[in-house]
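Hi there,

Here is the structure I promised to pass on. Have a look through it, and my notes follow below.

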Amino acid sequence: TVFNKSGTEFSLTGNLTFILDVEEEPVDPKPAFIAAFNDIIDDIQVEGKTVANAAMTGEDITVTFKTSDAAEILAGAGVVFEALQELAEAESSITINGQTFELDEELSISTLANAILGDGGVEGFLATGKLTVAYTATVFNKSGTEFSLTGNLTFILDVEEEPVDPKPAFI
């Protein structure tokens, strides 16, 4: 029951509907993804020892290894790709040197590392001290939003020690 200003009583029956007509600006998921990725890969440790530092700047990823031990390099590279797996849904993928890898639990870090290292293998990387390959990734974040990343993946060797024989780590 409602009374108007004159004191007349009347009743209203029906539905009251509120409509919010606001267009939301789409949020670019890349900056949050890159920030979270950088938090994970900043200091790469293997068995409690820092073996590399890494950063994603724009869409380029640079990993600077502080060891010439092939097993530690492989494990450090694994940390980088495990970080991608952690942040991306299983439908995500990365393409390097013409090979596409799904970022799911079946990802073989060793096979991916060999695709990155190319024909020169770890020996070539240890000899030159630098390796750059182009990559493209299709990422589905935890919210289900799909986006692409395209850039360079660069491995840099920054050690003053004598290189360790890489063959035992890859055999």
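Is Val 2 buried, exposed or partly exposed? With a relative accessible area of 33%, Val 2 is partly exposed, because buried would require under 20% and exposed over 50%. Please keep in mind that this is a predicted model. Val 2 sits in strand 1 (residues 2-3), and together with Phe 10 and Leu 12 it makes up a nonpolar surface patch of about 280 Å² accessible area.

Next, the salt bridges. Searching the whole structure turns up four, among them these three:

- Glu 59 and Lys 30 meet through their side chains at 3.0 Å, N to O. The two are 29 residues apart, with Glu 59 in the loop between strand 4 (49-57) and strand 5 (60-65) and Lys 30 in helix 1 (residues 30-41). Lys 30 is partly exposed, at 22% relative accessible area.
- Glu 72 pairs with Lys 49, and their closest N and O atoms are 3.2 Å apart. Since Glu 72 belongs to helix 2 (residues 70-87) and Lys 49 to strand 4, the bridge ties together parts 23 residues apart in sequence. Glu 72 is buried at 17%, whereas Lys 49 is partly exposed at 40%.
- Glu 89 bridges to Lys 142, with 3.3 Å between the closest N and O atoms. Here Glu 89 is partly exposed at 26% relative accessibility, while Lys 142 is exposed at 53%.

Finally, helix 4 (residues 121-128): its buried residues are Gly 121, Val 122, Phe 125 and Leu 126. After helix 4 comes Gly 129, which has a positive phi near 80°.

Best wishes

Methods
Residues numbered from 1 in each chain as written. Predicted model: local features only at pLDDT ≥ 70, side-chain atom pairs only at ≥ 80, totals over all residues. Heavy atoms only, no water. Patch = residues over 30% accessible without salt bridge, like charges linked within 9 Å, V, L, I, M, F, W, Y side chains within 5 Å. Areas by Shrake-Rupley, 256 points an atom, 1.4 Å probe, with all protein chains shown as cover. Helix = DSSP H or I, 4+ residues; strand = E, 2+ residues; numbered from the N terminus. Buried < 20%, exposed > 50% of the residue type's maximum accessible area, 1.4 Å probe, protein only.
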